[in-house]
Amino acid sequence: MSKTQTSTARNIIQSLGGLTATARAMGYPVTTVQGWQDRGSIPVVHWYKLIDEAAKVGIVLTVEDCIPQPIKEETD
């Protein structure tokens, strides 16, 4: 049996320099960004701002990058 989880938010946050850097760029509390990371997805209402902020620091981020992607964990 496999367990499905998403790592989309974690990957995006890490590419932007981590929780604090992402929160600072977005103008949100770190706890907000940490919630996204913990849930594994970023709410759609924040995608375009996130894409704009990423572009300001030379990171190419698209809407498709923000869509949560399932990752299957193998179990015995």
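1. Aromatic pair. The structure holds one aromatic pair, where pairing requires ring centres (Phe, Tyr, or the six-membered ring of Trp) within 6.5 Å. The rings are those of Tyr-28 and Trp-36, with centres 5.9 Å apart and planes at 85°, so the pair is edge-to-face. By definition, planes over 60 degrees apart are edge-to-face, those under 30 are stacked, and the rest are tilted. Tyr-28 is partly exposed at 25% relative accessible area, whereas Trp-36 is buried at 1%. Buried means under 20%, exposed over 50%, and partly exposed in between (1.4 Å probe, protein chains only).

2. Basis. This is a predicted model: local features need pLDDT of at least 70, side-chain atom pairs count only at pLDDT 80 or more, and totals for chains, interfaces and linings use all residues. Residues are numbered from 1 along each chain as its sequence is written, and side-chain values use heavy atoms, leaving out hydrogens and water.

3. Salt bridge. A search of the whole structure finds one salt bridge, meaning a side-chain nitrogen of Lys or Arg within 4 Å of a carboxyl oxygen of Asp or Glu. Glu-53 forms it with Lys-56; the closest N and O atoms are 3.1 Å apart. Both residues lie in helix α4 (residues 47–56), three residues apart, about one turn of the helix. Helices are DSSP runs (H or I, at least four residues), numbered from the N terminus. Glu-53 is buried at 16% relative accessible area. Lys-56 is exposed at 63%.

4. Thr-8. This residue lies in helix α1 (residues 8–15). Thr-8 is buried, with a relative accessible area of 8%.

Methods
Helices (H or I, at least four residues) and strands (E, at least two) are DSSP runs, numbered from the N terminus.
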